[in-house]
Amino acid sequence: MTERLARWSSEHAWRVVLIWVVAVVLSVGVVAALLGDVLTTEGELTNDPESQRGEEILEERLPRSDDFVNEIVLVRSDRSTVDDPAFRQKVSQVDAAIEATGAAPVVRTFYETRSRDLVSRDRDATIIAVGMGPDAEDTIPDVIDAVEAADGGGFDVTITGEFSADDDLNRLSQDDLREGELQFGLPAALIVLLIVFGAVVAGLVPLLLAVVSIIVALALAALIGQAFDLSLFIVNMLTGMGLALGIDYSLFIVSRYREERWEGRQEPAAIVASGATASRAVLFSGMTFVLAMLGMVLVPDTILRSLALGAILVGAVSVVAALTLLPALLGLLGDRVNALRIPFLGRNAERGTAREGGFWSPVAHAVMRRPVVALVVSVAFLLAAAAPVLDLNVGFAGIRTFPDDLPSKQGFNALEEEFGVGTTDSVEVVVDGDVGSPPVAAAVDRLAQAMRREPALRQPSVDEFPERRLAVVEALVVGDSRDERAIDVVERLRDDVVPRVSAGVDAEVLVTGETAEIVDYFAMVEYWLPIVFAFVLGLSFVLLTIAFRSLLVPLKAILLNLLSVGAAYGLIVLVFQKGVGNELFGFQQVDTIEAWLPLFLFSVLFGLSMDYHVFLLSRIRERYRETGDNTEAVAHGVATTGRVITGAALIIIVVFVGFALGELVMLQQMGFGVAVALLLDATVIRVVLVPATMTLLGRRNWYL
């Protein structure tokens, strides 16, 4: 099929190019008109966890009051106290500036309420409680600007809260991703392509296909988004994967075309031969990648599903572009694909992508002479790298991990220093029942007393609404609501306190709030991780069995990929949790690895690393069918694909290294994990373990 498609596309090149030009033009219009309206920064779990049930009860029976506070502005001084006129004048100035923005319906100060909760113990700091309006996501920058303008004059004025933290997080993450992709990843990818191909035109063709795939996939996402809200991060996932896959697939096919031309085939015949070989490998690689991403679609998390959708769309479009548009471009360019050769690189690069590389052939033969030693040493190394994963501690990067120059981080530090709490997030225990009855009322009282004894909670309060069959016990969390201390207290409430105080009482008691949502997310990941593993591995085994007509080859490919993924997990723990070498890379040492990362990394790494594996194994199988000599086929496959696979891996590595250079620890972990895993896959796995295992298995590789 891929051979016929390549022949037809090259013979009707202008028609194919015109179809893709029309598709790109229409896609640009769709993206401009529709995409912005379907993207959201919010995410939710769709498995109805306890925190969500509790929140739904509150929204249904206790609509949020107009005086709800979700931002805190802190005014403090090292020279005066709240009793001094200058301090009062400063607070009034800040109050007026916030109200002037029109973004905050609620602005309360100590001087209006005389609430002692709004003044620090030494009376040198006070809180201005702010309640943002319905368009808080859009208007919070105005409030932040007003607060920063008021800072100074002997007073320290800072802000922190739900929307200021979200604004900092979203802005910084978008900056990190944009800089990683466009300012670092894309130029670095182009440099690698020019080195691999040694010619400007050959280097630009893969980039062109990647850009085309990204634009069309974004349009498809915008259309799908008319039915479902999509996470804002789908754009970054789609562009990152689009660069990686679009370039890789084009690299494989163009390299094979150059090889066929080097061996003497005419241009049309070389395109058709590439379609029968490299294009077939690309088709199965793309299908394997899509299957890996389908695993994330199973997870009941709207953000992960959006990321998976973006990857699936751009993966599918990249495959279609590689199978149709690329043969058409080769049909039009012919050998002009080698135009604008780079001095000192051009001829050598052209020969290097068209025959066995001078470096890779000796390496392959050296490994195959001592396969047992190579196998034992490599597996031992990867298992040692994976060992730290036993200490994996998942969590979420709270506001503590933000850069110190962000407004919400400065406000958090000041608030924690003065009041012991750092956020406006609270733990809410919802009691759904007849709270007017003595048994339920007694249970609510016991619950409140137990929460007052918890050192991780502050200012517990009880609100009872007998007419609505509802009571709420609420307390602020000491420090950050994402700290391990906060998570421990919520788990203790759920596992011990709530069952004990509500035993025998006819009421449903639910723990909700920001920290409870995090605990529910942990439980969701723990439940779905083995399911995703089994789903992806099972389907991949079936697909690879069909592709290679073998049972051992796909089984070995899966095991080797699991080794590289496990090593990546272990190295992430070693660097970020244990702090081994983190300063060398400029990374933060943190207590936890992002809870979504194991699921995300498994799907992405398995899909990407299978690209190289499928391409290499396709070349080995092709040679084996020609010669019937397994040893020679393995050596030939490793040698002829070495330059191309190394270049393809380097391209993806530099794209994700760009992410790791950002300031957000979650993106540092993601970029480092992908880059390390692919580096191991393109070196230890492909160069050592694949030839060693296939040499030991011999003809048994091809049993079926």
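Biologist: Is Arg-76 buried or exposed, and how do you know that?

Modeller: The relative accessible area of Arg-76 is 17%. Buried means under 20%, so Arg-76 counts as buried. Please keep in mind that this is a predicted model.

Biologist: Why is Asp-156 called partly exposed?

Modeller: Asp-156 has a relative accessibility of 26%.

Biologist: What makes the contact of Asp-156 and Arg-76 a salt bridge?

Modeller: Their side chains meet at 3.0 Å, N to O. The rule asks for a side-chain nitrogen of Lys or Arg within 4 Å of a carboxyl oxygen of Asp or Glu, so the pair qualifies. Asp-156 sits in strand S5 (residues 156-161) and Arg-76 in strand S2, so the bridge ties together parts 80 residues apart in sequence.

Biologist: How do you know that Arg-76 forms a salt bridge with Glu-418?

Modeller: The closest N and O atoms of Arg-76 and Glu-418 are 3.1 Å apart, and the cut-off is 4 Å, so the pair counts. Glu-418 lies in helix H16 (residues 407-419) while Arg-76 is in strand S2, so this bridge links parts 342 residues apart in sequence. Both Arg-76 and Glu-418 are buried.

Biologist: What makes Arg-76, Asp-156, Glu-417 and Glu-418 one network?

Modeller: Salt bridges that share partners join these four residues.

Biologist: Why does the pair of Glu-50 and Arg-494 count as a salt bridge?

Modeller: The closest N and O atoms of Glu-50 and Arg-494 are 3.4 Å apart. With a limit of 4 Å, the pair is a salt bridge, so it passes the rule. Glu-50 lies in helix H3 (residues 50-61) and Arg-494 in helix H18 (residues 484-501), so the pair ties together parts 444 residues apart in sequence. Glu-50 and Arg-494 are both buried. By this rule the count comes to 24 salt bridges.

Biologist: How do you know that the span of H18 is close to the expected one?

Modeller: H18, with its 18 residues, reaches 24 Å from first to last C-alpha, close to the 26 Å expected at 1.5 Å a residue. H18 also bends by about 45 degrees at Leu-493. Leu-493 and Arg-494 are among the buried residues of H18.

Biologist: And what makes Ser-80 buried?

Modeller: Ser-80 comes out at 12% relative accessibility. The limit is 20%, so Ser-80 counts as buried. Ser-80 lies in the loop between strand S2 (71-76) and helix H4 (85-100). Leaving aside neighbours within four places in sequence, Ser-80 is in contact with Phe-87, Asp-124 and Phe-155.

Terms used:
Residues are numbered from 1 along each chain as its sequence is written. This is a predicted model: local features need pLDDT of at least 70, side-chain atom pairs count only at pLDDT 80 or more; totals for chains, interfaces and linings use all residues. Side-chain values use heavy atoms; hydrogens and water are left out. Helices (H or I, at least four residues) and strands (E, at least two) are DSSP runs, numbered from the N terminus. Buried means under 20% relative accessible area, exposed over 50%, partly exposed in between (1.4 Å probe, protein chains only). Contact means heavy atoms within 4.5 Å. The expected span of a helix is 1.5 Å times one less than its number of residues. The bend at a residue is the angle between axes fitted to the seven residues ending there and the seven starting there.
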